[in-house]
Structures are given as C-alpha cells and as structure tokens.
Amino acid sequence: MYKTLSSFVTSSLHGSYQYKIWTRATTTRKTSDFNFFFQDASMQTSFNSQRHLSLLNTRNNVKQGLQTTNLPTILLKTNMSSWKRPSCDTLVQAAPLKVQPYLRLIRFDKPIGTQLLYLPCIYGILLATPLGQLPNFYYLGLFGLGSVLMRSAGCIINDLWDKDLDTKVERTMNRPIASGEISSKAAVVFLGGLLSSSLAILLSLNYTCIALGVASMVPVVLYPLAKRVTQFPQLMLGLTFNLGAVMGYTAVTGSLDLPVTSLLYLSCCIWTLHYDTIYALQDIEDDRKVGINSMARFLLDDHDKDPRRVTVDRIDDDLDRRRNMNIFLTGTMSVHMLLLATACSLKEVPPSFNFVLVAALTYSALGVFNMMDGFTPKRVYGEYFNSMGTVGLFISMFLMFEIYKAQQQENKDESSAAVLSAI
C-alpha cells in the first residue's frame with residue numbers, strides 16, 4: 001500500500017523537495033507522519049504497539065547486559081543512569097507542597113522566559129558601556145531581579161486571562177489556575193506582591209526609565225487579549241517584552257539616544273517575533289480548535305475551504321506555506337542581526353563582533369531549515385525556542401568582550417603609531 005501511494009504521489013508532484021517529503025512520509029512511518037497524511041486510528045495503534053515492543057526489548061537487553069558484568073561496572077552504570085542534571089524543575093519538586101503551585105504559576109521551572117526578557121536589558125546596558133570598560137554590574141543585577149519579577153507577574157496576568165482556554169490546550173491544561181490548584185483571588189494577591197516589588201525597583205531608576213516602565217504595563221495587560229482579536233499577538237509580545245533594552249541603556253547613560261535605542265528595540269522586537277512564532281507551532285492544532293490566533297496560524301493555515309480541491313493540490317499549497325514560513329523565520333532572524341549590528345556600529349563596537357552575529361544567524365538558519373518539513377515533533381520546536389536563550393547569552397558575552405578590549409586595542413594602535421612617527 002505504501003509503495004503504491006508513494007509511486008502515485010511522486011508522479012503527481014514535482015521537485016526534489018516534494019519528493020523528499022513524500023519519500024520520508026512513506027518510509028520512516030513516524031507517528032506525526034501518519035497524523036499528517038492519514039487518519040486511520042488502527043494504523044497508529046499498530047505503530048505505537050511496535051514502538052512499545054521495541055522499548056521493552058531494549059530494556060530486557062539492558063537487564064541481561066547488567067547480569068553478565070562485574071560489580072564495579074554495574075555500580076557505574078546504575079549511578080550514571082540515575083544521575084540527573086540539577087534544574088529549576090528539580091528545585092520546584094523539592095519545595096514544600098503548598099509552595100509548588102505558586103512556583104509553577106510563575107514558571108519557575110521554565111526559566112527561559114525570564115532569560116529572554118533579561119537579554120534585551122543586557123544588550124542595552126552593554127551598549128551604554130564606554131569602550132574599554134566592563135558593564136555596570138549593579139544595573140545588570142537590578143534588571144535581572146526586575147526581569148524575574150516582571151516575567152512572573154506577566155505569567156499570572158496571562159493565566160488569569162486564559163484560565164478557560166488553558167483547559168482546552170494539552171500543553172497548558174495543568175497550569176495551577178486552570179487546574180484549580182490556585183484560585184483567581186490567591187493569584188491576584190500574589191500578583192500584587194510581585195508588582196509592588198517591581199515598582200520598588202523601578203522607582204530606583206531615573207525618570208525616563210520610570211515613564212517607560214509604567215507605559216510597559218499597558219501592553220503587558222493587553223497581550224493575552226491580542227491572541228483573541230488579531231493574527232499577530234507575537235508582535236504585541238515583542239513590543240512588550242523588549243522595552244528593557246531601552247530602559248537598560250537609559251538607566252546607565254541617563255539619556256534616551258534615539259538612534260541607538262530605537263534600532264536596538266526594533267531588533268529585539270523582530271527577534272521575539274521570530275522565536276515566539278516557532279514557540280506557537282507547538283500549539284497550532286489546539287489553537288485551531290479553541291480559536292486562538294498566532295503568526296504560526298496566519299502563515300500555515302489553509303484559508304481555502306473549498307471541498308472540491310483534490311488532495312495533491314492541498315499538499316502543494318501546504319508545501320508553499322511551509323516555504324513561506326521558512327523564509328519568514330530566516331528573514332526575521334536576519335533583520336534582527338542586521339539591526340543589532342547597526343546599533344553596535346553606532347557605538348563603535350569593533351567590526352569583528354559581526355562574525356559572532358553571522359555565526360548565530362547560521363545556527364538559526366540551519367535550525368529553521370530542519371524544522372520546516374512537516375514532520376517535526378513538538379519537542380523540537382520547544383528545543384529551538386530554548387536555544388534562543390543560549391544564542392542571546394553567546395552574543396552578550398562576546399559583545400561585552402569586544403567593548404572591553406576595544407579601547408585597549410585603540411591605545412595599542414596609538415602607541416605603535418607614535419613609535420613609528422618617532423623613528
């Protein structure tokens with residue numbers, strides 16, 4: 001059956017990319033492939049049973065291998081298999097039972113959101129640092145604490161808005177408010193404490209930062225509503241998430257410096273548009289069911305509902321939409337890097353820093369290319385989203401290094417020129 005289907009579709013479609021898609025669909029037989037092309041529940045059940053038997057055989061082989069090895073090897077294997085890298089999720093599980101729901105409410109077990117909120121602040125503080133100097137660690141710590149508090153507050157606001165929708169989405173149905181572990185009243189009280197702490201930090205900054213911080217609360221509250229009324233909630237999130245870039249720069253310099261801060265802010269907004277669109281791909285099926293909008297749906301949904309269209313035409317259109325998604329994601333990352341490089345050049349950051357941006361762009365482009373084939377498991381989207389925190393940290397570290405060594409290199413060049421002129 002599979003060979004017949006493959007031959008028919010291969011002769012109907014054109015292009016090596018399309019052939020690759022259908023060959024993979026009819027040979028690898030992943031669960032996601034069957035979900036995409038078939039709706040036969042018995043076929044999926046058979047595949048899952050085969051996979052379960054394979055896992056059982058693997059476990060039995062491991063047991064047999066342990067029985068024939070000596071004691072030191074057994075201890076080594078047992079220790080290595082039982083050891084897990086410490087994580088925020090481990091800390092949540094180790095906390096008292098009454099505290100755990102509140103930690104999960106603020107996503108303490110998923111710190112990537114805090115990291116992505118903090119990175120634009122780091123960019124702003126670094127670009128405000130004079131050449132040849134290290135950044136102001138006081139402001140780095142202050143904005144780090146502020147990022148933790150504001151991200152936590154944003155999560156609670158989002159969950160209060162979405163408590164009814166979250167119960168209908170697989171990934172979010174166990175959130176504390178949606179599942180009933182925490183009442184809305186208790187969440188609002190917790191939210192008030194977080195906002196009060198954030199306000200105390202904000203009031204320690206200059207007046208421009210205070211004004212920006214107060215203004216940022218408007219999109220923070222309205223972002224969950226954007227998912228219901230517009231196809232571009234990721235754009236609203238970008239406008240909300242990245243005001244820290246402007247605030248970090250202004251806190252250090254005391255001035256807004258519009259050419260630099262506007263480029264940096266726009267760059268980070270486009271970056272958020274990039275990674276949050278990929279994040280939305282995890283929930284695209286559930287979003288369709290409950291009516292939540294996203295850039296992922298805008299780019300991938302089939303808006304032509306004509307039942308007379310043949311299957312091959314629908315597959316052709318789906319391939320076109322995935323190519324457009326690939327272009328969009330690669331393009332947004334490219335624009336992000338270009339604007340960031342421009343902002344850095346205005347601050348006279350050495351051009352060698354651009355190689356770092358090219359490396360980050362290459363990594364992103366390869367990741368996006370491997371995801372847009374129609375067979376990507378949900379976890380891969382989540383892994384790429386999490387990797388954006390590492391990419392941002394990588395860029396930040398090299399930016400700090402380039403700024404610190406810039407003035408030293410300039411002084412060395414001036415000394416060399418003075419020696420040559422004396423000769």
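Where is the place of Asp257, in a loop or in a helix? Asp257 sits in the loop between helix H15 (243-253) and H16, where helices are DSSP runs of H or I with at least four residues, numbered from the N terminus. The model is a predicted one, in which local features need pLDDT of at least 70 and side-chain atom pairs count only at pLDDT 80 or more, while totals for chains, interfaces and linings use all residues. Residues are numbered from 1 along each chain as its sequence is written, and side-chain values use heavy atoms, with hydrogens and water left out.

Most residues other than glycine have a negative phi. Asp257, however, has a positive phi of about 50 degrees although it is not a glycine, and Glu348, also not a glycine, has a positive phi of about 60 degrees. Glu348 lies in the loop between helix H19 (311-346) and helix H20 (353-371). In the table, buried means under 20% relative accessible area, exposed over 50%, and partly exposed in between, with a 1.4 Å probe and protein chains only.

| Residue | Phi | Relative accessible area |
|---|---|---|
| Asp257 | about 50 degrees | 28%, partly exposed |
| Glu348 | about 60 degrees | 58%, exposed |

**The interior**

A nonpolar core is a set of buried Ala, Val, Leu, Ile, Met, Phe, Trp, Tyr and Cys residues joined through side-chain atoms within 4.5 Å. The largest such core has 86 residues, of which Leu116, Leu127, Leu205, Met325 and Ile395 touch the most other members. Helix H16 (residues 258-280) gives the most to this core, with 12 residues. Leaving aside neighbours within four places in sequence, Ile395 is in contact (heavy atoms within 4.5 Å) with residues including Tyr123, Met337, Phe353 and Ala360.

His336, placed in helix H19, counts as buried because its relative accessibility is 1%. Not counting residues up to four places away in sequence, His336 touches Ser267, Cys268, Ile270 and Trp271.

**A nonpolar patch on the surface**

In soluble globular proteins, nonpolar side chains tend to be buried together. On the surface of this model, though, Trp161, Val218, Val221, Leu222, Leu225 and Val229 form a nonpolar patch with about 500 Å² of accessible area together. Such a patch is made of residues with over 30% relative accessible area and no salt bridge, nonpolar side chains (Val, Leu, Ile, Met, Phe, Trp, Tyr) being joined within 5 Å and like charges within 9 Å; a salt bridge is a side-chain nitrogen of Lys or Arg within 4 Å of a carboxyl oxygen of Asp or Glu. Accessible areas come from the Shrake-Rupley method with a 1.4 Å probe, and for residues only the protein chains shown count as cover. Helix H13 (residues 207-229) gives the most to the patch, with 5 residues. Val221 lies in helix H13 and is partly exposed, with a relative accessible area of 34%.

Note on methods: Helix = DSSP H or I, 4+ residues; strand = E, 2+ residues; numbered from the N terminus.
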